[in-house]
Structure formats: structure tokens, C-alpha cells
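Dear colleague,

Please find the structure below, handed over for your use. My findings follow it.

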Amino acid sequence: MLSSLPFLLPHFKRFARLALTGAGLALLGVGAMAAPQQAIYQQAPASVRELLDTPALPKHLVSPNKQYLALLEPRRFNSLAELARPTLKLAGLRFDEASSVPSQTTAIARLRLRPLFKPQAAEQIIDLAQGQAADKSFFHSFSWSPDGQRFLLERRSDKANELWVGNAGSGELQQIKGLRLNNALAQGELAWLNASELVLLAQVERRGAAPKQPSVPNAPLIRETTGRASPERTHADLLQNPHDERLLEYHALSQLVRVDLRSLQTKRLGMPALFFSVASLGDAEGLLTERITRPFSYSLTWDDFPQVVEVRRPDGVVQREIARLPLKRGVAINGVLPGPRLFYASPNKDAAVYWVEALDGGNPNNRVAHRDRLMRLDAPYTGEAQELLRLPQRFNTMRFIDDGQHALVTEDDGLRAWTRSYLLALRGGSIRTVFDHSQRERYRHPGSPMMRMSPGGHLLAQTHGGGLLLQGAGASPKGDRPFLDRLNLQDGSVQRLFQSGEAVYTQPLELLGDGRLLSLQESTNQPPSLHVQALGSPGVASQALTKARAPHPLMRKIRRELISFKRADGVDMSFWMYLPPDYKEGEARATLVWAYPLEFNDPALAGQLSGSSNRYPNFSGLSPLMLVLDGYVVLMDATMPIVGDAKSVNDDFIEQITLSAKAVIDKAEDLGVTDPKRVAIGGHSYGAFMAVNLLAHTDLFKAGIARSGAYNRTLTPFGFQSERRSLWDARDSYLKLSPFLYANQIKEPLLLIHGEVDDRAGTLPMQSERLYQALSGTGGTARYVLLPLEAHGYTARESVGHVQWEMRQWLRAHLGDPRDLH
């Protein structure tokens, strides 16, 4: 059995793959076994299993009319049977072959409805069974209608993705018969025309059988480059051959369909196409659609394929082609296409179309006064577009404000890691800077617009009393204290309407018409519950509208504290210290440090804190914090700042993470909670990359855990994370940052875990497999666990439980029992 396999076998060089049993586990490990042994999924201790099997905390979804509350409990985990369903992987997409629903779509486990301001009213428990087999069908993607009288649910059956309409008052559900949604290119793409009518994307009728794979190839596969540089990130699931192209066209072909929620009738609009976006213009004067066309690419994902943007009449007939975007090739790293891009449908009566055009040829390396410009084309879309403003840096996003006169436009300066937002008068053309700060700024971050749904179904930035409402985390040296501000649209002044107190974490959600505030309140002992209160100081009394039960009493006994300190070069750092329920003062226990490195161009920003000690502890299934229940001290979210110029910040990556790691261990030792001789380092994704580099270049840790990481940067030659240079521009840095090339220096035992079908750019399973082979060949101590059917994050209950078991066993094997004090 797995539990009897030795972990310490550095002298064996042979590579052994353990047999699969059913939907079993692929474990690749070092060992001298005469024959492969049987592998099964293991489970963590009872305390962890109890946490894993506790239902997820509900999400609170308030209706647009502020009359109803939906309490939605997502399903925490998938089943292996769910992950094993036939899945297509085409052009960077993954979706269910039978229904076109994107893979890893979160199912709704339970849904309750109730009048918002009638706490004593009986809840409507929505029947999500509907006579279906639980392992093949589920509801997902809840949304409110603009008037709050209805709600929508999608249901993935074994053959289709259906649309169901619910009554907010009665909770009754009805299916739109004969309608099969198509979410292959875009999930939940809805264009509301009014409170009861919408346009969406559906499968075409009578589309026939899917193309079949030729039994015998009829031609070689040929790729050609013609001397034009086209640097591309390392993507998964790209098209491979003409059959893949035909499959993409078959499954992604969509029909625009108009749905009447009152009569439950549908009407097909225009001709089918490879649509990926549809939006309503103004008060349903027309539709703005975007679709992809041939030629496809074998080196790009679908969203870089040629695109056509069109304005259509309400009946679906094309009124004007707005733009035709070419295949996105030959574009510089972090660059954009030189022509029109990023299209917006105006929610206002003008029904205008907005888009962005590059003024620097799309190349961030070109020195120009302005990089982008914002354009507008007014109805009836017959004249020339008008330039509204020019932006010094690259356009990021545009949010329409509900006063119908303004929009918030944001640009990003990639080299400085800086962001700036402007208040734009849509008709007058005047513009004023309202926000100007680093992208890493926490303490002075102005917050983000509070959004609301308009009666016409558009999502708008909300105003109140002549000002734009902004909600933010309220980060401070004492922890997060969420706030609600009002930005005066006339003079730019800011008024604070609400800020959370220090004892209870209060997050603003909605501002009601009568001026009262809806918020979520939680504390260390109480899960989030919905409250209503008058605006004012934190001491203002609030009324609880919901009350959630603490799902696990043991969580209350875990001690949590935010620790701040400095590393040797004076950069501020921090970590969250979690102590086990049975921890006694003065015990120096075995410790796990879990971290994820971040880049900063200002050392003052690197030390800004985030998080709150007053929040209810809610661990995800994969969280290493589960190990606290086994007795380990866990130093979570240990900051690993990489400070320097954005162009070359990675040149001393190793030196800076080494400084940070030493500072973390020294501080934990000073606190008396950690035995410095029994410390492990761990991380997921870029955190795994950091962890393995620390094992390769330092002797600070006794063991390591690396999940779904990338360890050979020559396999990601056109940039990674914040690295903007290519391998050929920064060869020394790429090689130095590849722990694979230093595998012979990794003497500490390393647990590698990876999803078999990792879909993240740069973290293909090959990264872990090749590192494991290098460690095996150079006499290292390693264990490689490949999780069948899992992607970059692991979602099956069996997989999550096994990962917790693996981490526990690894720490016990190499750090010992955490309660054994030395």
C-alpha cells in the first residue's frame, strides 16, 4: 500500500510508474521495486476530512430591485466521474463535448430565495433535482433579471445546456423548451433588451453529427514561418490539425436567439456564426456582436484568431461592419494589434459603439506621446468614428456611469506597473484624472466602482447624491477595513460614507434607495451574514438579515496573527502565523512556509499589509492550512517581494527570495514558534517555482512541496509572470531562474504534485516530470504525484483529499511529528 512506501530512497536510480486502478492515482516515485505496485487515492485524517466535506458557505446575491435575496451554495468539489466526461480541448478552450459547457464550471449544490427585508419569511428552497441524475446533470450560472422579478439558471444535462427561468416570489422553475445554449466560446453571454427579454447564444438547429477523426492521415502537418517575429507564450490545448479546426467550427457555431421570459417563446435571429460576444445597444436599438473567422492558427488561442465586429438590427440583420481584426501574430511581447480592439456597447440612449486603437503600432517598445485612443461611432452608424481622447499609456478598461453622461477610463503603464483613471464626459469630451497610483498600491488604493444593473440590463457604475460610489479593501498597517466612498463628479473630492470597524470585518455590498447600507459582517467566530444599517460610524447598530452557522467548531481554536518585520536590506515583510489548536506557548514546532513571490518597483509598497485578523477562517480544500490541524505551525502568505526596475527585476530574483526566506525563518524563531532546523517551503504555481529555486540555491529548508509549477524557463522563452524579455534578450536570467538546471544542487527531499491535464500557459506537466527525472538521475530524493484528469487547480474530492494526505505524509517523513520538540 502507499502508506508503506519509503520516502527516503536517494540511492535508487530506477524510474517506476505505479499501476492505475480504475480512476486511480498515477504516482511516479523513486524506488527499487521488482514490479509496479497498486496505487489508490488516500485520505487525510478525520479532522481534515470533516472540513473537506463541510458544505461551502453561501454566496449572498441581492436582486437588482433590492427586494429578494438568493443564498447560493456552490458545490465544493467535482467527482472523478465528472472530470472523466468526454472533453474537447480546442484552441485554448476546454468544454464538455455533449453540452458545450466549459470544463470546471461550478455546480450549484443548493439555492434558497427569500424576501430581503422580511427575516421571518419562509425561505423558498429551489428544487434543483428536477428528476435528473446527480452525476450527469447540474444547475449552474445563476443571474437575476434586471427588475429582480425573475432569475435565470442554466442546467447542463447529459446532452445539452438548458435555460431555466425562475419566479422570485414563488421559486417556481420552468425550462425554455427546445433551447440549447452554446457556451463553447463564451459562458453566460447574455444581452438584456428589457426586464423580460434577452438575446443569447444557442446551438444551431439540426447541426448533424460531429466531424469524425479520419482513420488514416491524408496529408502531413506543415507549419511555416516567413521571417516575421511572432513571440508567443506557451499555451495548452492548441489546434493540432484540420480535424481540430472542423471540430471547433462544429461546436462553436452559434445562433443568436431572442428569448421572452413571460411567454417562454424563442426567436432565432440572423444567420449562425462563430459568435463569442453579444451586447445590446442603448435601449435595445440594436446588437453589437463579435465573432471569429478563419484562418485559424496552431500557435494561438481562439481569442487571437481573426475577428469581425458588427452592429445588427434587433432582428439580427447586419447593419454595419465595425471592424475586421486580423490574426494576432507578429505582435510584440505585451503588445496589441495596431488596429481597432476592445469594443463597448453604450448603455445610454445614444446607442453608440466605442473602441480602442493603438497609436504606437501596438508595440510597447516604441516611444510615443500617446499609446492608445478611444473612438466612438454614433447611431445610425453611417458616418466616421470620432476620437474622444488620447491616452499616454495602454488602455485597460472603460466603465459607464449610471448618470448617462460619464465613463471611467483606466490606463496601465506596464513598465512602471502604474495605473491611472480618468473621468470622461462622453459628450463634452472633458477629461479629469481621478486616480493615479501604483498597481501594487494597497494603503492608498481608491477602491473600485460599486456596480449595479440598470432597468435595461446593463452593468453600470453606481452614483449616489451626485457622486460615484467606490468600495475598497481599506488596507492599513492594522489590517483591512473595507470602506465605501463617494467621489464627487464635479470637483473630484472624496467623502467617506462608511468604513469597517476593527473588531468586526464589514464589507459594503449595496446602498439602498433610502440611504441604508447592505453589508456582509463576519468575525473570527462568526461566518459572514447579511446586515442592514444606516450609514455612519462603525458603531452604528445594524440589523441581521441572515445568520450562518459556524461549520466547524475546531476552526475557532486555531490561533491566527499577522506578523510584520524587515529583511536584512530593510524591505518590510509579513506573514500570517497559524498555530495549531493544541499549541502551547514556547513550543518551537516543525513549520511549513507557504508563499508566492510578487514584484514591486518601490520597496515601500512591498511592505504594505493585506488581510484581516477579524475574518472568519475559511480554508479551501487545497489549502496548506489544513496541516495546522495536524500540529504544524504554518506561516501562510509569507511575502516574498522582488524589488527593482520592471525591466530587470528578475535579475536578482534568487538573491531576493533568499533574503526573504531567511528573514521569515529568523522571525519565526524569534517568536519561539518555529524550530529552524525543521522548516519546509511550499507553494503552488509561481510559488512552486520559488520553492524549488530556494531548495536549489539555499540550505534554509529541510524539505519542499511544489504543486503545478514551472522549473525550466527555456520552455517558456517569450516571457513568464512579469518577465517582459525573451530568453534571447535575457539568457543569463532565464538560465539562472531555471532550478531544473540546478537539480544536482537540490539535496533536500522534494514533493512534486501536478495535474495531468494542466491548462495554464507555461506549467505543462512536463515541467514536473522532467524535474523529477533530473532529481532521480542526480541522486536526489523526490516523489512525483500526477493527478489524473486534473488541471492547474485540483477540483475532485478524491484528488484534494489525496493532496492533503501527500503533504501530511511528506512533512511527517522529513520534519517528523510536529509535537516532538527538540
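H60 is buried, with a relative accessible area of 14%; buried means under 20% relative accessible area, exposed over 50%, and partly exposed in between, with a 1.4 Å probe and protein chains only. H60 belongs to strand β3, residues 59–62. Helices (H or I, at least four residues) and strands (E, at least two) are DSSP runs, numbered from the N terminus. Setting aside neighbours within four places in sequence, H60 is in contact with L69, A70, L71, L520, P528, S529, L530 and T546, where contact means heavy atoms within 4.5 Å.

Please note that this is a predicted model, in which local features need pLDDT of at least 70 and side-chain atom pairs count only at pLDDT 80 or more, while totals for chains, interfaces and linings use all residues. Residues are numbered from 1 along each chain as its sequence is written, and side-chain values use heavy atoms, with hydrogens and water left out.

For the chain as a whole, the secondary structure comes to nine helices and 47 strands. The radius of gyration of the protein chain is 27 Å, which agrees with the value near 28 Å that a compact globule of 822 residues would have; the radius is taken over C-alpha atoms, and the globule rule is 2.2 Å times the number of residues to the power 0.38. Along its principal axes, the C-alpha trace spans about 75 × 75 × 60 Å. Of the 822 residues, 56% are buried. Among contacts between residues at least 6 apart in sequence, 59% join residues at least 24 apart.

Helix α5 (residues 653–670) has 18 residues and reaches 26 Å from its first C-alpha to its last, close to the 26 Å expected at 1.5 Å a residue; the expected span is 1.5 Å times one less than the number of residues. Its buried residues include F653, I654, I657, A661 and V664. After α5 comes G672, whose phi is positive, near 80°. Helix α9 (residues 797–815) has 19 residues and a reach of 27 Å from first C-alpha to last, close to the 27 Å expected. In α9, 16 of the 19 residues are buried, so this helix is largely enclosed by the rest of the structure. G816 follows α9 and has a positive phi, near 85°.

M690 lies in helix α6, residues 686–697, and counts as buried at 0% relative accessibility. Apart from neighbours within four places in sequence, M690 is in contact with A595, P597, M640, I657, I681 and G682. I657, in that list, is also one of the buried residues of α5.

A cis peptide bond joins R294 and P295, with omega about 5°; P295 is found in the loop between β18 (286–292) and β19 (307–312). Another cis peptide bond joins A379 and P380, with omega about 5°, and P380 is placed in the loop between β23 (372–377) and β24 (386–391).

The loop between β45 (703–707) and α7 (731–736) holds S708, and Q721 is placed in the loop between β45 and α7 as well. S708 is not a glycine, although its phi is positive, about 55°; S708 is buried, with a relative accessible area of 0%. Q721, also a residue other than glycine, has a positive phi near 45° and is partly exposed, with a relative accessible area of 37%.

Yours sincerely
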